[in-house]
Amino acid sequence: VAKALTPPDIVARKGQAPLVCLTAYTTPVARIADRHCDVVLVGDSVGMVLHGLDSTLGVTLDMMVMHGKAVRRGIEHALMVVDMPFGSYEEGPAQAFRSAARLMAETGCGAVKLEGGEAIADTIRFLTARGIPVMAHVGLTPQAVNVFGGYKVQGLGDSAARILADAQAVAEAGAFSVVIEKVAEPLARAITTKLAVPTIGIGASADCDGQILVVDDMLGMFTQFQPKFVKRYAELGVAADAAMAAYAKEVRERSFPGMEHVYTGPAKAPSP
Ligand code: KIV
Ligand code: NA
């Protein structure tokens with residue numbers, strides 16, 4: 001069994017072959033992702049993708065622990081990262097450490113991810129100094145959707161300088177990589193050039209050091225939202241709809257189950 005990738009392995013990939021990253025929330029999907037990815041993220045997107053929440057704000061630490069444990073059972077090679085959910089780290093470094101330590105101890109992940117820039121840099125410094133590798137996340141940070149007033153592209157005007165400062169602050173605080181979400185492409189490229197650690201883009205730039213997508217988005221399984229940055233590599237939702245329609249039809253016309261799906265036991269049925 002190959003040794004799983006570590007945060008230093010990820011840092012060493014700066015300027016090398018692009019880092020391939022996907023989310024996963026369950027063991028079977030994690031097993032497939034692990035065959036192809038350098039990083040598997042248990043994203044708090046799980047709340048929207050698997051639990052039907054309309055934002056990530058309702059995701060709890062318990063949910064992240066449960067999905068983290070499931071994903072861990074499917075991972076051998078990739079670095080597994082677990083998102084810190086809204087409300088589990090923003091009060092300060094001590095709260096963040098408690099939450100992150102629980103995630104690492106109970107799920108066996110190799111790192112945690114949290115959202116924010118300069119405002120969260122002290123917390124990142126505190127965690128990394130105490131044994132918790134941190135992936136940062138700047139640009140459009142979905143846990144701040146109410147502050148942004150929607151899932152809008154970031155970094156188009158004056159906010160570009162702030163996002164660059166955020167990325168530099170979290171990298172300087174010790175983050176081993178930085179997710180850049182839904183920012184203008186030239187800004188994502190500029191941040192990638194300036195940082196010594198890898199950037200991982202989602203709606204960012206092909207020049208980022210890696211890319212990430214929500215797995216249910218790229219498989220065509222989650223279709224409630226379709227941001228421009230999602231490329232659908234499969235249409236599993238359409239395939240599932242067709243499969244269920246075929247099943248329903250066969251049950252209604254009694255052509256399922258067929259003889260090959262039933263157990264032919266004693267030749268004689270018991271008499272009533
Ligand atoms: O929760 C998530 O899926 C994420 C990725 C989109 C980066 O944070
Ligand atoms: Na997330």
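These notebook entries record what I looked up in a predicted model.

**Entry 1**

I began with the residues around ligand 1, which are T23, L41, G43, D44, S45, D83, H137, V179, I202, I212 and V214. Five of its residues are nonpolar, four are polar and two are charged.

**Entry 2: the "binding site" annotation**

I next consulted the UniProt record, an unreviewed entry. Its "binding site" annotation covers D44, S45, D83 and K113. These positions are spread over 70 residues of sequence, yet they cluster in space, with a largest C-alpha distance of 12.4 Å.

I looked at D44 in more detail. D44 lies in the loop that runs between β2 (39-42) and α3 (46-49). Is D44 buried or exposed? D44 is buried, because 30 other C-beta atoms lie within 10 Å, and the cut-off for burial is 20 or more. Beyond its neighbours within four places in sequence, D44 is in contact with T56, V59, M64, D83 and P85.

I then turned to K113, which is located in strand β4 (residues 111-115). K113 counts as buried because it has 25 C-beta neighbours inside 10 Å. Which residues does K113 contact, apart from neighbours within four places in sequence? They are L41, V81, D83, M84, M135, H137 and V179.

**Entry 3: the "active site" annotation**

In the unreviewed UniProt entry, the annotation "active site" covers E181. I found E181 in strand β6 (residues 177-181). E181 counts as buried, since 23 C-beta neighbours lie inside 10 Å. Leaving out its neighbours within four places in sequence, I listed the contacts of E181 as H137, G139, L140, I202, G203 and A204.

**Entry 4: the largest nonpolar core**

Finally, I examined the largest nonpolar core, which has 72 residues. Which of its residues touch the most other members? They are V40, V170, A175 and V178. Helix α8 (residues 159-172) gives the most to this core, contributing five residues.

Aside from neighbours within four places in sequence, V178 is in contact with A136, V138, A167, V170, A171, L195, V197 and T199. One of these contacts, V170, is also named among the residues that touch the most other core members.

Key: Residues numbered from 1 in each chain as written. Chains lettered and ligands numbered in written order. Predicted model: local features only at pLDDT ≥ 70, side-chain atom pairs only at ≥ 80, totals over all residues. Near = placed C-beta within 6 Å. Nonpolar A, V, L, I, M, F, W, Y, C, P; charged D, E, K, R; others polar. Core = buried A, V, L, I, M, F, W, Y, C linked by C-beta atoms within 7 Å. Buried ≥ 20, exposed ≤ 12 C-beta atoms within 10 Å, placed from the backbone. Helix = DSSP H or I, 4+ residues; strand = E, 2+ residues; numbered from the N terminus. Contact = placed C-beta atoms within 7 Å. UniProt positions renumbered as here; feature names shortened; annotations may be inferred.
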